[in-house]
Amino acid sequence: MVNVTITNNATHEVWYMCNNKGPPHDRLYKLGLGGVTQWAIRDIAFPLVWCYMHINDGVQGVFWAFLPKYRCDRHCDWWVQDDGLYLHTRYDDGQYIWLYQDGEFF
């Protein structure tokens, strides 16, 4: 099991949606300033959990909430900044993660 946390460190609210099978991830949700959302991914062998993030009109897209190459161990800690999305793990403190657009991740 891997715990996923998304923290909004941007200077404004952001919108997100994840396909984590049901509430609270079945539609777009607002994440306010300093807001945090978290959940657990139980199927780490083949998780396929994606999230859509709208940070601002110039920075938006889809990212994989968990991939083995991220080396999250038991926790993927995502930080939303004004310029994009960053993954913090015990191995990498602040790796910028590209948000895929127009179906690039399929």
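## Trp 15 in the sheet

Trp 15 has His 54 as its bridge partner in E5. This is a predicted model. Strands E2 and E5 run antiparallel and are joined by four bridges. E2 also pairs with E3, again in the antiparallel sense, over three bridges.

Strands of a sheet pair through backbone hydrogen bonds, either parallel or antiparallel.

E5 pairs with strand E6 (residues 59-64) in the antiparallel sense. Six bridges make up this pairing. Within it, Trp 50 has Trp 64 in E6 as its bridge partner. A hairpin of two residues links E5 to E6.

## The disulfide

How many disulfides does a search of the whole structure find? The search finds one. Its partners are Cys 18 and Cys 51, with an S to S distance of 2.0 Å. Cys 18 belongs to strand E2 (residues 14-18) and Cys 51 to strand E5 (residues 50-56), so the pair ties together parts that are 33 residues apart in sequence. A disulfide is a covalent bond between the sulfur atoms of two cysteines.

Why is the disulfide of Cys 18 and Cys 51 called right-handed? The torsion about its S-S bond is about 105°, so the disulfide is right-handed. Are Cys 18 and Cys 51 buried or exposed? Both cysteines are buried.

## The salt bridge

A search of the whole structure also turns up one salt bridge. It is formed by the side chains of Glu 13 and Lys 30, at 3.8 Å from N to O. Glu 13 sits in the loop between strand E1 (2-8) and E2, and Lys 30 in strand E3 (residues 29-31), so the pair ties together parts that are 17 residues apart in sequence.

Glu 13 has 36% relative accessibility and therefore counts as partly exposed. Lys 30, at 48% relative accessibility, counts as partly exposed too.

Methods: Residues are numbered from 1 along each chain as its sequence is written. This is a predicted model: local features need pLDDT of at least 70, side-chain atom pairs count only at pLDDT 80 or more; totals for chains, interfaces and linings use all residues. Side-chain values use heavy atoms; hydrogens and water are left out. A disulfide is a pair of cysteine sulfur atoms within 2.5 Å. Buried means under 20% relative accessible area, exposed over 50%, partly exposed in between (1.4 Å probe, protein chains only). Two strands pair if DSSP finds at least two bridges between them. A salt bridge is a side-chain nitrogen of Lys or Arg within 4 Å of a carboxyl oxygen of Asp or Glu.
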